[in-house]
Amino acid sequence: MLEVKDLKKSFFNNEVLKGVNLTIEKGDRVAIIGPSGCGKSTLLRCFNMLEKPNSGKVIFDGQELTMEDVQLSFVRRKMGMVFQQFNLFPHLTVLDNIILAPVVLSVLSNEEAKKRAFLLLRSIGLEDKANSYPNQLSGGQKQRVAIVRTLIMDPEIILFDEPTSALDPEMVGEVLDLIMEVANRGITMVLVSHEMNFVKKFANKVIFLDEGKISFMGSVDEAFSQNDNVRLQDFLAKTAK
């Protein structure tokens, strides 16, 4: 489904990604972990070309996204993304935030989008917030709305960029529960997270990124066992709760 070949990305003289190679299959639940500043979020943003790599290839559903003539707007319909800071439009209601993309992109009619949005909001217990504005919601509610906004587009893959990092601790659980519920539907997902206990439940594949390179890639059992990757074991020891 998604393949990355020798991906490199620099910001001025800072080489953030130093030749990343990986393959994500349909139905995979991939967790990307690693110390702060190792390039996790940059790698995720390169998947959908929010960050343009300096070299290398990103191939999604057989289409090379790093080519000049790719219609990225069409590709991004199939590749949802949930950000750290929610990215909800403050001047739009919850309902309007959710239906904006499918209506503007003619994926759904206005009536169809509203019907589906209400069903999704009902499924996460936020139907009564449809006409509220983002500043009237808690952080956990905002992030759940952001996930619903992604789901309404029926993406083939969803990218989560540290979706709980901006939340108060008591709100983390409700967002992780929703992510797990979505994962159980079989949607392909890639998650950047520091929540190691959640990674153990969520992932079938773990990627440990260290200093811009993949230091480990394997099953969740292999990642959290006493393997011989000293850097990974040191990282997990420091993040264990």
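Student: In which sense do β7 and strand β8 pair, and over how many bridges?

Tutor: Some ground rules come before that. This is a predicted model, where local features need pLDDT of at least 70, side-chain atom pairs count only at pLDDT 80 or more, and totals for chains, interfaces and linings use all residues. Residues are numbered from 1 along each chain as its sequence is written, and side-chain values use heavy atoms, with hydrogens and water left out. Strands (E, at least two residues) and helices (H or I, at least four) are DSSP runs, numbered from the N terminus. Two strands pair if DSSP finds at least two bridges between them. Here, β7 and β8 (residues 188-192) are parallel, with five bridges. I157 sits opposite T188 of β8.

Student: What is the strand order in the open sheet?

Tutor: The order is β6-β7-β8-β3-β9-β10, with mixed pairing. β6 and β10 are at the edges with a single partner strand each, so one side of each has no neighbour in the sheet.

Student: How many bridges join β1 to β2?

Tutor: Eight, and these strands run antiparallel. K9 has L17 as its bridge partner in β2.

Student: How many residues of helix α5 are buried?

Tutor: Buried means under 20% relative accessible area, exposed over 50%, and partly exposed in between (1.4 Å probe, protein chains only). In α5, 12 of 13 residues are buried.

Student: What covers them?

Tutor: Look for contact, meaning heavy atoms within 4.5 Å. The cover includes β6, α3, α4, β7 and α6.
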